[in-house]
Amino acid sequence: MKQSSTLRQYSLSIANASCHWFMRFCKITVVHIMTIFAVVLSQYHVLQAQQRVMDSLLVIYRQQERMPPDTARVNTLNNLSFAARAVSLNKAEEYANQALTLSRSLQYRIGEGNALRNVAFFHAERGDTAQALTLLQTSYNILEGQRDYIGMAKSLNNKAVILDRSDKNIEAIEVYQRSFRLAQTAADGAMQGAALMNIASIYNEQGAKMRALQTYLHVSRLADSTGDGIGAATALGRIASMYLALDDTTKAMQYYTQALAKHEKMGNKIGMAITLNNLSIMMREQKMFEQAVHYARKSLTLRMEVQDARNTPIAQ
């Protein structure tokens with residue numbers, strides 16, 4: 001099972017190295033070191049963000065429990081299921097099943113389609129790929145009947161994740177492209193960028209680095225045009241990593257600097273810490289130790305600020 005594809009289910013913002021590649025070759029390159037740190041810090045960030053979302057949704061859900069069941073409660077349960085994945089898979093599955101049962105009792109088709117997509121996730125996590133794909137197809141069919149293009153795009157995205165994890169890369173790319181086109185129809189720039197980022201990740205895994213690079217550049221332009229600051233900064237970081245893998249440190253520095261500037265503009269300390277850490281590693285690889293230490297210290301300071309603000313230790 002590919003770890004990178006699994007992480008796409010949780011967060012589309014950070015690229016991950018292929019674990020089986022690492023185990024097979026038993027060595028770590030600079031890009032892998034950067035990725036390991038990014039994933040650890042990103043997972044911490046996702047966990048904290050999802051916990052806050054989950055807490056807010058629980059307040060809403062408790063209020064809804066005091067009223068007759070309605071479609072709003074279904075939507076809340078579906079949102080809880082997604083938010084809880086990073087906190088408790090058991091609770092997340094419980095919310096998904098509740099949403100499915102309630103949506104069917106209310107004959108709320110969009111809620112049912114979204115619930116089926118959530119339930120499919122847990123089958124995929126248990127390795128029941130066939131059932132997961134069946135549920136996702138049913139989800140897609142229901143949402144298609146309701147002309148819910150974003151819901152359809154999400155169901156296709158999850159199907160592509162499963163195909164990618166099953167090493168069916170060509171099929172996965174085709175399904176991601178379908179998801180992208182639906183997101184275009186819905187004018188959802190973030191979903192378009194997510195589909196393209198996943199396609200680029202597959203290209204990179206296949207060794208098609210220039211094709212991956214061109215796709216990341218496309219995502220960067222798309223994110224800028226739609227005002228998606230996080231998407232743009234993430235794409236710039238991946239572009240920098242691609243140039244670094246191609247031994248073009250000048251271009252890598254250029255794009256890391258641009259990514260850092262965008263994170264700073266948004267006040268995104270997690271993104272800043274990751275980018276500064278990547279710059280530190282790049283400097284260390286070039287034996288520019290004074291600059292490496294400078295970037296590492298700035299990265300550490302930001303990590304500690306995030307830790308202090310949330311009063312929670314950062315996972316190591």
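I will go through the helix pairs and then the cavity.

First, the ground rules. This is a predicted model, so local features need pLDDT of at least 70 and side-chain atom pairs count only at pLDDT 80 or more, while totals for chains, interfaces and linings use all residues. Residues are numbered from 1 along each chain as its sequence is written, and side-chain values use heavy atoms, with hydrogens and water left out.

Two packed helices are described by the angle between their axes and the distance between the axes. Helices here are DSSP runs of H or I with at least four residues, numbered from the N terminus. Axes are lines fitted to C-alpha atoms over the stretch in contact, and angles run from 0 to 180 degrees between N-to-C directions.

Start with α7 and α8. Their axes come within 9 Å and cross at roughly 165 degrees. The two are therefore roughly antiparallel, a word used for angles over 145 degrees, with under 35 counting as roughly parallel. The crossing of α7 and α8 is left-handed, that is, the near helix is turned anticlockwise from the far one by less than a right angle. Contact means heavy atoms within 4.5 Å. Among the residues making it are L133, L136 and Y140 of α7 and M152, L156 and I162 of α8. The residues of this contact divide into eight nonpolar, six polar and two charged. For the classes, Ala, Val, Leu, Ile, Met, Phe, Trp, Tyr, Cys and Pro are nonpolar, Asp, Glu, Lys and Arg are charged, and the others, Gly among them, are polar.

How does α6 pack on α8? Helix α6, residues 109-125, has its axis 10 Å from that of α8, at an angle of about 10 degrees. α6 and α8 are therefore roughly parallel. N114, R117, A124 and E125 in α6 meet G151, K154, S155, N158, I162 and R165 in α8. By class, that contact has two nonpolar, four polar and four charged residues.

Next, α9 (169-185) and α10 (189-205): the axes come within 8 Å and cross at roughly 165 degrees. That makes α9 roughly antiparallel to α10. The crossing is left-handed. Contact residues include I173, Y176 and F180 of α9, and L196, I199 and I202 of α10. This contact has eleven nonpolar, six polar and no charged residues.

Last, the cavity, meaning a set of points on a 1 Å grid over the protein atoms alone where a 1.4 Å probe fits but cannot get out. The structure holds one of 30 Å³ or more, volume being the space filled by probe spheres set on the points, which are joined across faces, edges and corners. Which residues line the largest cavity? L136, Q137, Y140, S155, L156 and K159 do, lining residues being those with an atom within 4 Å of a point.

Notes. 1 Å grid on protein atoms, 1.4 Å probe; cavity = no way out; pocket = protein on both sides within 12 Å on 5 of 7 lines; lining within 4 Å. Parallel < 35°, antiparallel > 145°, perpendicular 65-115°, else oblique.
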